[in-house]
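Hi,

Here is the structure I said I'd pass on. Have a look, and my notes follow below.

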Amino acid sequence: MLEEVERWLTRRSWSAADRPLDRLLAAKARDRRRGSVSVVLPALNEEATVGEIVATIRRELMEKVRLVDELVVIDSGSTDATARVAREAGARVVHRDAILPRIPAVPGKGEVLWRSLLVTGGDIVCFIDADLKDFSADFVSGIVGPLLTDPDVQFVKAMYDRPLGTDPDGLASGRTAGQGGRVTELVARPLLNLHWPQLAGFVQPLGGEYAVRRSLLERLPFPVGYGVELGLLVDALHTVGLDALAQVDVGVRKHRHQDEQALGRMAAAIYRTAQLRLSRGHLVRPSLTQFERGEDGFVPRTHAVDTEERPPMREIEEYVSRRAA
């Protein structure tokens, strides 16, 4: 590990307990101009978990204390009751397709995160995945904390244990601590260590829980799919430097795990995102073939790998007009 990264780990890695809520509220009150907080949950068919997450954030961080200013769920075309459950729990729900309709939406998590900038107003934007189980408000307050208390910090990732194992509902049970994040360990971490060694200190580089100053987010391109977390992290490094990045330990993250073929598609998208940033070129063949056993043997299934990115939001006319209003 680079000496620079070792120093960074001691200066820019914290625990959520390092910043109690009263300290965050005092910091927010001192700097209202830069202290408003928007929490965004991208959601696709997450009716089983989104309600508890929304209710916890609303109860703990909007009603008991006023740390979070707005809570928005962006529905990415759910076919279940995700939108209704989130709305009843207290979130404002916006459908992905209703945002920036002149640009047709494409499937993908990054697409939803990019569009969320147009329907939120916080100076700090906090992204939280909607499939978390046993959710704690520390996930939000922990990663928002450094942005409220340290003006030099611009991008904060959550770090946590990711147990691998399932309960009867298919959710992480916690039986095997520290073994989650398979794509992180097999793809993202080797890529970062080899090509962006300054980022080698991030425990969960692909984690979906992170908080960023809007002024930085609006300058970054957004990969539309699975590569969004790696892309934003790498581009933030090049835009503001390592010392503006940080991570906070929030404990344990339990969520629904994907099957191995879905992980393969995720890995291909992440590799493609890295490759694009290394060469700013294009894959010769942006697709991935996987195999499933059928009645007559193995059947190939070919999937497109995400090859599209959305431009920095400050280049979008509607966004510029909205921010100027």
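Let's begin with T184, which sits in helix α7 (helices are DSSP runs of H or I with at least four residues, strands are runs of E with at least two, both numbered from the N terminus). Bear in mind that this is a predicted model, where local features need pLDDT of at least 70 and side-chain atom pairs count only at pLDDT 80 or more, while totals for chains, interfaces and linings use all residues. Residues are numbered from 1 along each chain as its sequence is written, and side-chain values use heavy atoms, with hydrogens and water left out.

T184 counts as buried because its relative accessibility is 3% (buried is under 20% relative accessible area, exposed over 50%, partly exposed in between, with a 1.4 Å probe and protein chains only). Leaving aside residues up to four places away in sequence, T184 touches R162, R189, P190, Q204, P205 and L206 (contact means heavy atoms within 4.5 Å).

Next, the helix pair: α7 (residues 182-195) packs with α10 (residues 260-279) at about 10°, axes 9 Å apart (axes are lines fitted to C-alpha atoms, for helices over the stretch in contact, and angles run from 0 to 180 degrees between N-to-C directions). On the α7 side, the contact uses R182, V183, V187, L191 and H195; α10 brings L263, M266, A267, I270, Y271, A274 and L278.

Finally, the strands: β3 (residues 70-75) and β4 (residues 92-95) pair in the parallel sense over four bridges (pairing takes at least two DSSP bridges). I74 stands opposite V94 in β4.

Cheers
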